[in-house]
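Good morning, and thank you for the time. I would like to take the group through one chain, beginning with a definition and then moving from the overall fold to individual residues.

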Amino acid sequence: LAPEQTALLDLDTLARGDAEIDLGNFTAHLFLRGVQWQRGEAMQDAAATFLAAYPGPIDGVRLHWYRRSTLLRLSCVYALRPNGEAIVQALL
């Protein structure tokens, strides 16, 4: 890492693929935290700042698809948790 640039290491799957997979996953988790912490606007701002700073090209359609698929997966996880109904509704 150098002071003049930001680098991301994909430690989730250690795979090569669409950058939008990781970007969508990360921004979906920011959305989840916004719901949980009741700081939705702050997390939306953080996601927008993160995406604006991303150094490569971003395909908006792919980003939207991967973000929504992560939100669906997270809603399935939270549907199985006690008192998860409110989070599920917000994620869907």
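A polar contact here is a pair of N or O atoms within 3.5 Å; within protein, one must be able to donate a hydrogen and the other to accept it, and residues adjacent in sequence count only if both atoms are side-chain atoms. An example stands at the N-terminal end of α3, which Asp59 caps: one of its side-chain oxygens lies 2.9 Å from the backbone nitrogen of Val61.

Two remarks on the source are needed. The model is predicted, so local features require pLDDT of at least 70 and side-chain atom pairs pLDDT 80 or more, while totals for chains, interfaces and linings use all residues. Residues are numbered from 1 along each chain as its sequence is written, and side-chain values use heavy atoms, with hydrogens and water left out.

Now the overall fold. The chain holds 4 helices and 0 strands, where helices (H or I, at least four residues) and strands (E, at least two) are DSSP runs numbered from the N terminus. The order of elements from the N terminus is α-α-α-α. Of the 92 residues, 24% are buried; buried means under 20% relative accessible area, exposed over 50%, and partly exposed in between, with a 1.4 Å probe and protein chains only. The accessible surface comes to about 6800 Å², and carbon and sulfur atoms hold 58% of that surface; these areas come from the Shrake-Rupley method with a 1.4 Å probe, and for residues only the protein chains shown count as cover. Among contacts with a separation of 6 or more, 67% join residues 24 or more positions apart, a contact being heavy atoms within 4.5 Å.

Let me turn to α1. This helix has 19 residues and spans 27 Å from its first C-alpha to its last, close to the expected 27 Å; the expected span is 1.5 Å times one less than the number of residues. Its buried residues include Leu23, Ala28, Leu30 and Leu32, and their cover includes α2, α3 and α4. Just after α1 comes Gln38, with a positive phi of about 55°, although Gln38 is not a glycine. Gln38 belongs to the loop between α1 and α2 and, at 74% relative accessibility, is exposed.

How many aromatic pairs does a search of the whole structure find? The search finds 1. In general, such a pair is described by the distance of the ring centres and the angle of the planes. Rings of Phe, Tyr and Trp (its six-membered ring) pair if their centres lie within 6.5 Å; planes under 30 degrees apart count as stacked, over 60 as edge-to-face and the rest as tilted. The centres of Phe26 and Phe50 are 4.7 Å apart and their planes meet at 55°, so this pair is tilted. Phe26 sits in α1 (residues 19-37) and Phe50 in α2 (residues 40-53), 24 residues apart, so the pair links distant parts of the chain.

Next, α3. With 20 residues, this helix reaches 28 Å between its end C-alpha atoms, close to the 28 Å expected. Its buried residues, among them Leu63, Tyr66, Leu71 and Tyr78, pack against α1, α2 and α4. Ser75 of α3 (residues 60-79) is buried too, at 4% relative accessible area. Beyond four places in sequence, Ser75 touches Val88, Leu91 and Leu92.

The charged end of Arg81 lies 4.4 Å from the centre of the Tyr78 ring, and that of Arg67 lies 5.3 Å from the centre of the Phe31 ring.

The loop between α3 and α4 (85-91) contains Asn83. Asn83 is not a glycine, yet has a positive phi of about 60°; its relative accessible area of 70% makes it exposed.

Leaving aside neighbours within four places in sequence, Ile87 contacts Leu32, Val35, Gln36 and Tyr78.

How values were computed
Lys NZ or Arg CZ within 6 Å of the ring centre and 35° of its normal.
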